[in-house]
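The sequence and structure come first.

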Amino acid sequence: MEKYKLIAKIKKGVFQGLCLLSSQTVTLKQLGFPDNEGVPGSLIKEITLLQAMRHANIIRLIDVVNHQEQSSIVLVYESMETNLTSFIRIYPKVMKIPRTIKELLRQILLAASYYHSFNIVHGGIKPANTFIDPATNTLKITDFVWPRTLFNSNTEDPNEELGFCYKAPEILVEHKQFSTAIDVWSVGCIFAEMVTQKPLFSATSEFHQLAKIFSIMGTPSEETWPGFSRIYRYLHIYNHCKPKDLRKLVTGLEPAGIDLLHKLLYMDPKGRITARQALEHVYFQN
Amino acid sequence: PMQCYISQKEIAKDATVIHISETPHLNRNWYFSRKEIEHNTPSRSDGIDYKQEQHLRKLYCSFLQELGIELKVPQVTIATSMMFCHRFYMRQSHKKNDWQTVATVCMFLACKAEETPRWLGELAVVAYKLIYKWDPSASRRIREIYDKQKDLILIGERLLLITIAFDLNIEHPYKSLVAALKRLAITDKELVKIAWNF
């Protein structure tokens with residue numbers, strides 16, 4: 001730990017620091033745990049996966065440090081200052097340029113298709129953990145909620161920390177079979193937000209989130225989401241809504257973009273486009 | 001700001017059998033030349049010659065194989081534990097770090113890394129019995145040393161992680177071997193067996 005100097009506390013357990021060897025600013029995340037079974041297996045797995053992931057659009061895990069005094073482990077990440085939320089606030093004009101939006105969306109999808117190819121679900125993509133370097137418009141995502149492989153994914157809710165506005169409907173109904181499709185939904189939400197500069201599904205609370213989604217995308221029926229009434233037994237309490245016209249809600253987006261947005265925000269996760277397929281969409285062709 | 005210095009000495013003070021001797025290297029380079037393996041290992045500086053170290057390597061590998069079978073873990077977990085052990089002794093000396101303890105710790109970590117977890121308590125007992133299998137009174141002693149063994153493994157786990165710089169990615173040759181055998185259309189069973197067990 002003598003390699004790093006702490007500069008500021010960002011939030012509980014997260015610090016901004018300076019690497020004394022490279023003078024690089026870094027983000028330090030301190031993880032504590034009970035010591036009775038040693039370092040938790042999930043953390044071992046997480047470190048293994050994060051170290052294996054090398055991608056220009058994913059914030060890199062630079063180092064892992066044992067912190068003996070506090071019996072914790074510190075993950076050292078490369079540090080970036082501006083997240084998408086503040087980027088939109090600081091550079092509203094840049095965000096109005098269609099090419100900027102296209103380029104940023106492409107980079108999120110590149111990151112997603114990369115880790116989806118390892119069967120890793122991010123589980124918490126949102127503007128707050130999507131970082132942008134204003135000098136180069138390079139986008140990098142971070143904060144994998146539960147970066148674990150899919151085969152043991154039905155035990156925990158990966159979205160405890162996810163801003164509920166970006167949660168996929170299958171998570172909101174607590175459907176236990178999560179897949180990489182939950183990330184694609186979040187990317188769709190971010191896409192719309194980049195265009196309009198406000199969240200597309202902004203409910204007042206998590207409780208109202210599902211109703212908000214239904215009010216825009218339409219309440220699922222047997223045709224639009226086969227088997228949904230079996231997954232979600234409270235469906236009958238929701239009003240039947242017809243899907244709204246996204247062109248009117250996400251104004252200024254070209255028709256190809258609207259088509260891609262529809263595919264990213266396809267309600268039934270089985271019919272949702274994958275990140276890899278999305279990259280080949282016509283929207284990116286010019 | 002939080003105070004964070006890893007004090008190697010303090011860890012070593014608690015451990016009776018494992019001592020980290022120097023500031024660990026932090027790089028993640030695991031490729032060594034023949035010369036480095038033959039002449040430049042930490043054990044060599046402590047007066048253990050190449051032949052002795054080769055013998056110790058064989059000892060901890062067979063120990064891990066046996067331990068893995070006792071714990072009913074897959075071969076991949078066993079292979080990973082061996083790799084952790086190899087990596088550890090490229091950076092630490094045999095003279096200061098008892099190989100049976102280190103190997104037990106490597107198995108504990110490999111079980112986690114390969115998602116075949118075993119309880120610390122179970123591992124401590126099984127490993128202790130294996131280490132003292134020549135001594136019929138060992139199983140009676142287990143209750144007395146149980147907590148101490150567990151603590152030792154926990155301390156060892158941190159030391160192992162520091163020593164191998166938290167680099168837990170191990171690529172085993174099994175997959176590539178199968179692919180190569182297929183591509184070269186090799187069907188000679190004896191050859192396949194030798195290659196697999198190499």
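In this predicted model, helix 5 of chain B is largely enclosed by the rest of the structure, because 11 of its 15 residues are buried. The buried residues are B:Thr77, B:Ile78, B:Ala79, B:Thr80, B:Ser81, B:Met82, B:Phe84, B:Cys85, B:Arg87, B:Phe88 and B:Tyr89. Their cover includes helix 3 (42–45), helix 4, helix 6, helix 8 (138–163) and helix 9 (174–183) of chain B. The end C-alpha atoms of helix 5 of chain B lie 21 Å apart, which agrees with the 21 Å that 15 residues should span at 1.5 Å a residue.

**Chain B as a whole**

Chain B has 10 helices and zero strands. Read from the N terminus, its elements run α-α-α-α-α-α-α-α-α-α. Of the 198 residues in chain B, 47% are buried. Among contacts in chain B with a separation of 6 or more, 74% join residues 24 or more positions apart.

The table sets out the geometry of two packed pairs.

| Helix pair of chain B | Crossing angle | Axis distance |
|---|---|---|
| Helix 5 (residues 75–89) and helix 6 (residues 99–113) | roughly 130° | within 8 Å |
| Helix 4 (residues 50–71) and helix 7 (residues 120–131) | about 130° | 10 Å |

On the side of helix 5 of chain B, the contact is made by B:Thr77, B:Ile78, B:Thr80, B:Ser81, B:Phe84, B:Cys85, B:Phe88 and B:Tyr89. Helix 6 of chain B contributes B:Trp99, B:Val102, B:Ala103, B:Cys106, B:Met107, B:Leu109, B:Ala110, B:Cys111 and B:Ala113. By class, this contact of helix 5 with helix 6 of chain B holds 14 nonpolar, three polar and no charged residues.

The second pair, helix 4 of chain B and helix 7 of chain B, packs at an angle of about 130°, and the two helices are therefore oblique to each other. The crossing of helix 4 of chain B and helix 7 of chain B is right-handed. Helix 4 of chain B brings B:Phe63, B:Glu66, B:Leu67, B:Glu70 and B:Leu71 to the contact, and helix 7 of chain B brings B:Glu122, B:Leu123, B:Val126, B:Ala127, B:Leu130 and B:Ile131. These residues divide into eight nonpolar, no polar and three charged.

**Helix 6 of chain A**

Helix 6 of chain A covers residues 181–196, which makes 16 residues. From its first C-alpha to its last it reaches 23 Å, close to the 22 Å expected at 1.5 Å a residue. Because 15 of its 16 residues are buried, helix 6 of chain A is largely enclosed by the rest of the structure. After helix 6 of chain A comes A:Gln197, which has a positive phi, near 65°.

**A:Ile213 in chain A**

A:Ile213 belongs to helix 7 (residues 206–217) of chain A. Is A:Ile213 buried or exposed? A:Ile213 has a relative accessible area of 0%, so it is buried. Apart from neighbours within four places in sequence, A:Ile213 is in contact with A:Lys167, A:Leu172, A:Trp185, A:Phe201, A:Gly218 and A:Met267. A:Thr100 is 113 residues from A:Ile213 in sequence, and their C-alpha atoms are 27 Å apart in space.

Note on methods:
Residues are numbered from 1 along each chain as its sequence is written. Chains are lettered from A and ligands numbered from 1 in the order in which they are written. This is a predicted model: local features need pLDDT of at least 70, side-chain atom pairs count only at pLDDT 80 or more; totals for chains, interfaces and linings use all residues. Side-chain values use heavy atoms; hydrogens and water are left out. Axes are lines fitted to C-alpha atoms, for helices over the stretch in contact, and angles run from 0 to 180 degrees between N-to-C directions. Helices (H or I, at least four residues) and strands (E, at least two) are DSSP runs, numbered from the N terminus. Contact means heavy atoms within 4.5 Å. Ala, Val, Leu, Ile, Met, Phe, Trp, Tyr, Cys and Pro count as nonpolar, Asp, Glu, Lys and Arg as charged, and the others, Gly among them, as polar. The expected span of a helix is 1.5 Å times one less than its number of residues. Buried means under 20% relative accessible area, exposed over 50%, partly exposed in between (1.4 Å probe, protein chains only). Angles under 35 degrees count as roughly parallel, over 145 as roughly antiparallel, 65 to 115 as roughly perpendicular and the rest as oblique. A crossing is left-handed if the near helix is turned anticlockwise from the far one by less than a right angle, and right-handed if clockwise.
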